[in-house]
Amino acid sequence: MDAALSEVTVDPTLVLLTVEEAARRLRVGRTTCFALIRTGALESLMVGGLRRVPVDAPAAYVARLRTEQLAA
């Protein structure tokens, strides 16, 4: 599958994202995404031994950033 096409085609049934998928949605690197998770800025949870990010968490993070920056 073409990389550009896979970025636009999102499975609407997804509930959880991998850290890599969340990083792609935020347009940041994997390491930055893990740092956001470690500080609690980006919500995540463990499923078994796997770290997953709720599908709505990246948008919630961006919304908080926008609110904070508009208030500053």
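Colleague: Where does R27 lie?

Modeller: In this predicted model, local features need pLDDT of at least 70 and side-chain atom pairs count only at pLDDT 80 or more, while totals for chains, interfaces and linings use all residues. Residues are numbered from 1 along each chain as its sequence is written, and side-chain values use heavy atoms, with hydrogens and water left out. Helices (DSSP runs of H or I, at least four residues) and strands (DSSP runs of E, at least two) are numbered from the N terminus. In those terms, R27 lies in the loop between α2 and α3.

Colleague: Does R27 count as buried or exposed?

Modeller: Buried means under 20% relative accessible area, exposed over 50%, and partly exposed in between, with a 1.4 Å probe and protein chains only. Because its relative accessibility is 65%, R27 counts as exposed.

Colleague: What pattern does the protein chain follow when read along the sequence?

Modeller: The protein chain has 4 helices and 3 strands, and of its 72 residues 19% count as buried. Among contacts (heavy atoms within 4.5 Å) between residues at least 6 apart in sequence, 40% join residues at least 24 apart. Read along the sequence, the pattern is α-β-α-α-β-β-α.

Colleague: Which elements do the buried residues of α2 pack against?

Modeller: The buried residues in α2 are V19, A22, A23 and L26. Seen down the axis of α2, these residues fall within an arc of 100°, so they line one face of the helix; the arc is that of the directions from the helix axis to the C-beta atoms. They pack against β1, α3, β3 and α4.

Colleague: Which residues does V19 touch, not counting residues up to four places away in sequence?

Modeller: V19 belongs to helix α2, where it is buried, with a relative accessible area of 2%. The C-alpha atoms of V19 and C33 are 6.8 Å apart in space, although the two residues are 14 residues apart in sequence. Leaving aside residues up to four places away in sequence, V19 touches R30, C33, F34, I37 and R51.

Colleague: Which residues of α3 are exposed on its other side?

Modeller: Residues C33, L36 and I37 are the buried ones in α3, and because they fall within an arc of 100° when seen down the axis of α3, they line one face of the helix. What covers them includes α2, β3 and α4. On the other side of α3, the exposed residues are T31, R38 and T39.

Colleague: What is the N to O distance at which the side chains of R30 and E20 meet?

Modeller: A salt bridge is a side-chain nitrogen of Lys or Arg within 4 Å of a carboxyl oxygen of Asp or Glu, and by this rule the count comes to 1. The pair links distant parts of the chain, with R30 in helix α3 and E20 in helix α2, 10 residues apart. R30 counts as partly exposed at 49% relative accessibility, and E20 is likewise partly exposed, at 32%. From N to O, the side chains of R30 and E20 meet at 2.7 Å.

Colleague: How far apart are the end C-alpha atoms of helix α4 (residues 57–71)?

Modeller: The expected span of a helix is 1.5 Å times one less than its number of residues. For the 15 residues of α4 this gives 21 Å, and the end C-alpha atoms agree with it, being apart by 21 Å.

Colleague: Which residues are exposed on the other side of α4?

Modeller: In α4, the residues A57, P58 and Y61 are buried, and since they fall within an arc of 105° seen down the axis, they line one face of the helix. These buried residues pack against β1 (16–17), α2 (19–26), α3 (30–39) and β3 (50–54). Exposed on the other side of α4 are A59, R66, T67, L70 and A71.

Colleague: Which residues make the nonpolar surface patch of about 380 Å²?

Modeller: Patches are made of residues with over 30% relative accessible area and no salt bridge, like charges being joined within 9 Å and nonpolar side chains (Val, Leu, Ile, Met, Phe, Trp, Tyr) within 5 Å. Accessible areas come from the Shrake-Rupley method with a 1.4 Å probe, and for residues only the protein chains shown count as cover. One member, V47, lies in strand β2 (residues 45–47) and is partly exposed, with a relative accessible area of 38%. The patch is made by V15, L16, L45, V47 and L50.
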